[in-house]
2 protein chains.
Amino acid sequence: MGRRELDPRKELILKVVTDDYIESAEPVGSRTIARKYNLGLSPATIRNEMADLEESGYLKQPHVSAGRIPSQQGYRYYVDVLMSQQELSEEELNTIRSYFADRSRECESIFQQTVKILAQLTRYPSLMLGPTLKPAVFKHVQLIPLSAHELLVLIVADLGIIENKVISLDYPVAQADLDRISYLLNKKLRGQPFAKFKSSLFRELRDEMKADNGIFQEAVDLILKTLETRNKERIYLDGIINILDHPEFKEVEKFKLLMELMEEHDRLYRLLATRQRGIRITIGEENQEEAAQDCSLITANYEVGGQVVGTIGVLGPTRMDYAHVVAVVEFMAQKLSEFFSGV
Amino acid sequence: MGRRELDPRKELILKVVTDDYIESAEPVGSRTIARKYNLGLSPATIRNEMADLEESGYLKQPHVSAGRIPSQQGYRYYVDVLMSQQELSEEELNTIRSYFADRSRECESIFQQTVKILAQLTRYPSLMLGPTLKPAVFKHVQLIPLSAHELLVLIVADLGIIENKVISLDYPVAQADLDRISYLLNKKLRGQPFAKFKSSLFRELRDEMKADNGIFQEAVDLILKTLETRNKERIYLDGIINILDHPEFKEVEKFKLLMELMEEHDRLYRLLATRQRGIRITIGEENQEEAAQDCSLITANYEVGGQVVGTIGVLGPTRMDYAHVVAVVEFMAQKLSEFFSGV
DNA sequence: GCTTAGCACTCGCCTTTTGCGAGTGCTAAC
DNA sequence: GTTAGCACTCGCAAAAGGCGAGTGCTAAGC
C-alpha cells in the first residue's frame, strides 16, 4: 500500500481536489484552488497539473467545462498515500467509551446499538456482521417443553450469542427425557469451542444415548444448523436514511437500488464477509456488488482471542469522508474487540 | 358509518373519479370519464356534477385547468359508502394460507414474516405490532448462569413470545439457589395470564422466599419490566421501499420524512395502537402523526380468545388501493387470530 | 328543466431559446 | 517552468412559447 508515484506538487493538488470535493460535492476548478488554498500557484499552473493528473487517470471531468473530481484511481491514491490520519474528537471518543462501559443490556441490542452509534458518528449507513459461532465457546443448551408437541431449544454461547428456536415433534416427550438429554449435552459440550463440533463429538454422544435417538437427533441437528446458518442472518443495519443527505442520491432510483441491497441480507453478507485483518477500504467499482458501485465501503474486523469473529462497516458515496470514517471504524472495532474479550 | 348523503349519480361520479385516480395517479377530467366509463353522460353533464361535488367538498382541483381528485372528505365517503368489497384472488389466498399452514419456524420470524407477506401482497409498507403480553399466559421462566456475575433470564409465554435478557449481579449466586427460584416461580406462575400478575401474586411469592430476596427481586423486576416495555419495542416493518413506486414520493424530502417515522418505533406505536375492533381506516390528516398526513393507514387487530392482542397495518399514499388492502389486511388478521388461537 | 354542444379561456407542463458563468486549453510573454 | 490573456465549451437556470387537457358559461335541444 502506498507507493508514491506522483511528484509532491501533483500529490498536493490531488489531495486538495479530493478534500474539497469530499466537502463540497462540486467539481473543483483551478481558480477555486488557487484562491482558497494559497498554494503560491496561479490557476494556470494548477490547470496544467490537473491536466496531467487527468491524463494519468487520477482526476476526471464530469463534462468539459466543469472542474475536476477524483477518479476511482484518484480516490485509491488518496486513501493509500495522501489521506491524513484523523483523531477523533473528545466528544466522539466519549460517546464510544461510555457506550461500551455500560455492560448490562439485552443481547440482541448490543449489535443493534453498535451500528446505531456507528451511524450516528459517521452520518452514513452502517452495517455489522454479528460474531461467527466458530470461535465461540458453547455454554449451555436447554430444552424446554412448550406443549406436548413443541419444544423450545435454547443455545447459549459466549460473545453474547443466544439462539432460540421452536421445533415441532411428531411424538410427545417426557420431561425426564428432556432433562437427561440436556444434562448430557451440557456435560459434554460446555466449554467446547464450536469449531471443534462437527462430527466426532456428536458421534461419541450418540453412542451414549441410543434410546433417545429421535429428540436427540433433532437437538443435534438444530445445533449444527444454527452453526451453519447463523452468519448470514446476523446482519445489523442502521442509518440508511443518512445516505439521503448526499446529493449523489437525490434521484430516487439511485437510492432505491441501494435500499434493495439493504433488504437482502445475503448480498450484504457477501459485501462484508472477509477474513482480512485491519481496515479495508473498497472504492466504487472495486466493489463486487453492482448496486454499490458508486459507493465506498470501509470495514474493520473485530476479534476475540486474536481471532477475527465479525465485521463492522460503513457505506457511503465514493465521495465520502474517508479520513473520519476510518478513524471511527477503527476505534469502534478495537473497542468492540476489547468488549467481547472482557465478557 | 356510511350515511348516503349524495344522490346516486353524484355517488357514481365520485366513485369513478376515485377509482380512476387511485389507478392512474393523475387528476381525472370529465372527458376521460365520459369516454372511458360509458356512463351515458356527456362530459358537460359530468362537469356540472363535478362542480357540485367540488362545492360540497368531495372533490378538489390541484389547479384550475386540471381534472379533479378526491379530497379527504371524498376518500372518506368512498371508503365508508362507495367502495366495493373485493375478493382476494386464489393466488393471494393460497399465499396466505400456505404461510400459516407451516407452523415450524423460529419465533421472532413469525412476526417478521407476517409483515413481509403483507408487504408483498399489498405492495405498500407494512407494519405489525407484536402481541401484547397482557392476555398471554405465562409458560416458563428459566434462570441460567452465564458466569459468576451474569445471569440469563428466559421468559416464555404463549403466542410465540420468548424474551431473554442478561442481567448482571453484584454477588455470585449458587446454581442451587437459581434452581429453587426457578422452580418456585414456575410453580406459581405457570398457566397464569400476565394480566393477573401485577402485585398480589408477587407479594405472596416473596413471602415464601425471604432468603433469596436479591436475585428474586431482580427476576421479578425483570418480568414486570418486560411486561411494561415489551409493546413499544415489538414493531415489525417490511416493504418500506414499496412507497417509492408511487409518484407522490418522487421527491426525496417526502420520502425522508416517512423514513424517519419508520425508524422511530414509539411514533409508530402511537400510530398503530388501538383497541378498536375490526378494520380501521385513517385517511390523510385524520392522522395524528404529521409525517403521515398525506398517507392513509389501514389496520386490523388480531385476537386471541376473543381479546385484541395486536395490530397489523398497511401504510400508503392517500391515493392507495383501499379495496384491495382492506381485503388483504382483513383476511390476514383473521388468519393470524386463528393461528395464535391454534397454538 | 335537465342535458348537451360549442366556445372562449386558463394554466400546468414540456420544449426551446437565451444568457450567464465557471472552467478549460492554448499561446505567448516573462 | 510559470503565468497572463483569450477564445471556446458547455451545463444550468431562467425566460419564452406552444400544446393540450380541462374548465365554466351560454344557449339550444329533448
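**Close-up views**

View 1. Arg123(B) counts as partly exposed, with 18 C-beta neighbours inside 10 Å. A residue is buried with 20 or more other C-beta atoms within 10 Å of its own, exposed with 12 or fewer, and partly exposed in between; C-beta atoms are placed from the backbone. This is a predicted model: local features need pLDDT of at least 70, side-chain atom pairs count only at pLDDT 80 or more, and totals for chains, interfaces and linings use all residues. Residues are numbered from 1 along each chain as its sequence is written, while chains are lettered from A and ligands numbered from 1 in the order in which they are written. Arg123(B) sits in the loop between helix 6 (107-122) and strand 3 (126-129) of chain B. Helices (H or I, at least four residues) and strands (E, at least two) are DSSP runs, numbered from the N terminus. The phi of Arg123(B) is positive, near 65°, in a residue other than glycine. Most residues other than glycine have a negative phi.

**View 2. Asn38(B), between two helices.** Asn38(B) lies in the loop between helix 2 and helix 3 of chain B. Its phi is positive too, about 45°, although Asn38(B) is not a glycine. Asn38(B) is exposed: 8 other C-beta atoms lie within 10 Å.

**View 3. Around DNA strand D.** DNA strand D is surrounded by 20 residues. A residue is near a strand if its C-beta atom, placed from the backbone, lies within 6 Å of it. The closest are Thr45(A), His63(A), Ser65(A), Gly29(B) and Ser30(B). At least two residues each come from helix 3 (43-55) of chain A and from helix 2 (30-37) and helix 3 (43-55) of chain B. Helix 3 of chain B gives the largest share, four residues. By class, this surface has seven nonpolar, ten polar and three charged residues. Ala, Val, Leu, Ile, Met, Phe, Trp, Tyr, Cys and Pro count as nonpolar, Asp, Glu, Lys and Arg as charged, and the others, Gly among them, as polar.

**View 4. Around DNA strand C.** Two or more residues come from each of helix 2 (30-37) and helix 3 of chain A and helix 3 of chain B. Helix 3 of chain A gives the most, four residues.

**View 5. Where chain A meets chain B.** In this interface, 26 residues of chain A are in contact with 26 residues of chain B (C-beta atoms, placed from the backbone, within 7 Å). On the chain A side, strand 4 (138-147), strand 5 (150-157), strand 6 (162-168) and helix 10 (252-263) give two or more residues. Strand 6 of chain A supplies the largest share, six residues. The chain A side holds 13 nonpolar, five polar and eight charged residues. The copies meet through the same surface, because 100% of the interface residues of chain A are also interface residues in chain B.

**View 6. The rotation axis.** A rotation of 180° with 0.0 Å of shift along its axis superposes chain A on chain B, with an RMSD of 0.1 Å. The two copies are therefore related as by a two-fold rotation axis. Val252(A) is the residue of chain A that comes closest to the axis, at 3.3 Å (C-alpha).

**View 7. A sheet in chain A.** Three strands form an open antiparallel sheet in the order 4-5-6. Strand 4 and strand 6 of chain A stand at the edges, each with a single partner strand, so one side of each has no neighbour in the sheet. Strands pair if DSSP finds at least two bridges between them. Strand 4 and strand 5 of chain A pair over eight bridges. Ile144(A) stands opposite Leu152(A) in strand 5 of chain A.

Definitions and conventions:
Contact = placed C-beta atoms within 7 Å. Least-squares fit on C-alpha atoms with pLDDT ≥ 70 in both.
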